[in-house]
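Please keep the sequence and the 3D view open while reading.

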Amino acid sequence: MPSRAEGYAPVVAGMHPDPSVCRVGDDYYLACSSFELFPGVPILHSRDLREWTQLGNALDRPAQLPLAGARASDGVYAPTLRHHDGLFRLVTTVVNLPGQRIYTASDPAGPWSDAVVVDVPGIDPDLAWDESGTCYLTWSDNYGPGGPHGILQARIDLSTGELQSDPVGLWSGSGLRDPEAPHLYRVGRWWYLLLAEGGTGAGHAISVARGPAPDGPYEPCPHNPVLSHRSLDHPVQNTGHGDLVEAPDGSWWMVLLGVRPRGAFPLVHVLGRETFLARVRWCDGWPVPVLEPHGVDAPARILDDFDAAALEPGWVSPRERPDAAWSLAERPGWLTLHGPPEFLLARRQQHHDCRVRARIDPRGVGDAGLRLRLDDDHHYDVRVRGHDVTAVARIGPAVATFPGGSALGDPLLGGAGDVVLEIATRGDRVTLSVEVDGALTLLADLDGRPLSTEAAGGFTGRVVGPYVRDGTLHVDWVEYIGGPDG
């Protein structure tokens, strides 16, 4: 019997939080937060708001996104993607850098410009234009010096980043904590200001106000919050941070983030905050979003055999991806990784139940393998080191190795040749295994809950892929198989 959660799947699964959407003709484009991952800000395309394809990453050069030294959950927060006068504009906060940053492109697939920096503190910036072409920057300044200042706005020169007016306070929500994620729209005779509030956890909510001009004054909707799943028995929780878009047929929709908690009590989420879709109806001049079962939690199989000339856009790394750390040309048809320093190339985990396999050549490996990562201090590895193949679990300062010693002995480097490393997740469990000559050996069966936001903290979700700490790792292919959970 299908689970109650079936149908309430995200439209973009895995760690794709803080979605922002814009429409150009019949095409929709979406941007999401990427935090400490590089390249940053995935850009996706759709024709129906339900099926999305990643075009690339907006911030794919170190000059655009310098993240050296960034901590877990630093980096890119809450981009806003807009299209105006034939150009795409992306504005975002990079929390380990000062100010707000604006990037421009004629094609959403890139290339995107270097940043124009706006020297104001805060997070979650938004761009909107009035009929005269004046551009307004609206942002949240809840965490800067001097205490919370709420939602601020100023007119801006996009070419220089200079403010054209002093910041003014707008409406800062219905009284819940952490008003943030402002988005501004002109609909009919009103300007609407959409906010997230209540914190990005279980109390997350979306509220709205309207006014006669971009700078207000704003009156709140009498039914705020207009969307929240707090205290509800719903398979999608932590709903918030929405962005509105009108379809060509005149219907209205909202993309928003949410999580899918699973497991035994207390429930945890491991995939990060994902992008969901809600239908929006207008009642008495107010938007009323309702999360409906628009997503499709379908099985997926992704095989990357590294025969292409470039990496697929779904591959990311913590903080940076130095040219010296990886190559597709050194051994054609293979991905080659070099260390030190430690380097990970990974994809987002997008299904609760999944299996990831990587065929490697163990010769020349000093210390490398396959990793399931939440952050630097919370990850599970299938590690190859010399003749040893072991499972390693790092949970904060604690590191455990299973089973210890050599799992396979000399044949690993002798006659066994290539081996396949495997990490599989199902329910609350994570298994780590190695396959040699068709025989699969289980190395460890671990509790997966330590690799969750509730246990580790932060704002991210799991990624999985090959890593190297020392030596050279040649990877023939990586296969991701995900199935519907429930």
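The text below covers strands, turns of the backbone, ring contacts and cavities in a predicted model.

**Strands and their partners**

One part of the structure to look at is an open sheet of 4 strands, in the order S14-S15-S16-S17 and with antiparallel pairing. Strand S14 (180-187) and strand S17 (219-220) are the edge strands, since each of these pairs on one side only. Strand S16, residues 205-211, is joined to S17 by 2 bridges, and the two run antiparallel. Across this pairing, Ala-209 stands opposite Pro-220 in S17.

Between S16 and S17 there is a loop that holds Pro-217. The peptide bond that joins Gly-216 to Pro-217 is cis, with an omega of about 0 degrees.

A second pairing involves strand S4 (residues 40-46) and strand S5 (residues 53-59), which are antiparallel and share 5 bridges. Gly-40 has Leu-59 as its bridge partner in S5. S4 and S5 form a hairpin with 6 residues between the strands, and in this hairpin Leu-49 takes a positive phi near 70 degrees.

**Backbone angles in loops and segments**

Pro-39 is found in the loop between S3 and S4. The peptide bond leading from Phe-38 to Pro-39 is cis, and its omega is near -5 degrees.

Two further residues have a positive phi without being glycine. Asp-18 has a phi of about 55 degrees, and Asp-18 lies in the segment before strand S1 (20-24). Is Asp-18 buried or exposed? Asp-18 has a relative accessible area of 6%, so this residue is buried. Arg-319 has a phi of about 75 degrees, and its place is the loop between strand S23 (317-318) and strand S24 (326-327).

**Rings that meet**

How many aromatic pairs are counted? The count comes to 8 aromatic pairs. One of them is formed by Phe-35 and Tyr-77, and this pair is edge-to-face. The two residues are 42 residues apart in the chain: Phe-35 is in the loop between strand S2 (27-31) and strand S3 (37-38), while Tyr-77 is in strand S6 (residues 76-84). Phe-35 counts as buried because its relative accessibility is 1%. Tyr-77 also counts as buried, because its relative accessibility is 16%.

Why is the pair of Tyr-77 and Phe-459 edge-to-face? The planes of the two rings stand at 80 degrees, so the pair is edge-to-face. Phe-459 counts as partly exposed because its relative accessibility is 31%.

The table gives the geometry of these two pairs.

| Pair | Centre to centre | Angle between planes |
|---|---|---|
| Phe-35 and Tyr-77 | 5.2 Å | 65 degrees |
| Tyr-77 and Phe-459 | 6.0 Å | 80 degrees |

Ring pairs also link Tyr-192, Trp-252, Trp-282 and Trp-286 into a cluster.

**Charges over rings**

Arginine side chains lie over tryptophan rings at two places described here. Arg-321 lies over the face of Trp-326, 5.4 Å from the ring centre. Arg-331 has its charged end over the ring of Trp-334, at 3.9 Å from the centre of that ring.

**Cavities**

How many cavities of 30 Å³ or more does a search of the whole structure find? The search finds 2 cavities of this kind. The second largest cavity holds about 30 Å³ of space. Which residues line the second largest cavity? The lining consists of Met-15, Glu-36, Leu-37, Arg-373, Leu-374, Thr-460, Gly-461 and Val-463. Sorted by class, this lining has 4 nonpolar, 2 polar and 2 charged residues.

How values were computed: Residues are numbered from 1 along each chain as its sequence is written. Side-chain values use heavy atoms; hydrogens and water are left out. On a 1 Å grid over the protein atoms alone, a cavity is a set of points where a 1.4 Å probe fits but cannot get out, and a pocket is an open set with protein on both sides within 12 Å along at least five of seven lines; lining residues have an atom within 4 Å of a point. Grid points are joined across faces, edges and corners, and a volume is the space filled by probe spheres set on the points. Ala, Val, Leu, Ile, Met, Phe, Trp, Tyr, Cys and Pro count as nonpolar, Asp, Glu, Lys and Arg as charged, and the others, Gly among them, as polar. Two strands pair if DSSP finds at least two bridges between them. Rings of Phe, Tyr and Trp (its six-membered ring) pair if their centres lie within 6.5 Å; planes under 30 degrees apart count as stacked, over 60 as edge-to-face and the rest as tilted. Buried means under 20% relative accessible area, exposed over 50%, partly exposed in between (1.4 Å probe, protein chains only). A charge sits over a ring if NZ of Lys or CZ of Arg is within 6 Å of the ring centre and within 35 degrees of the ring normal.
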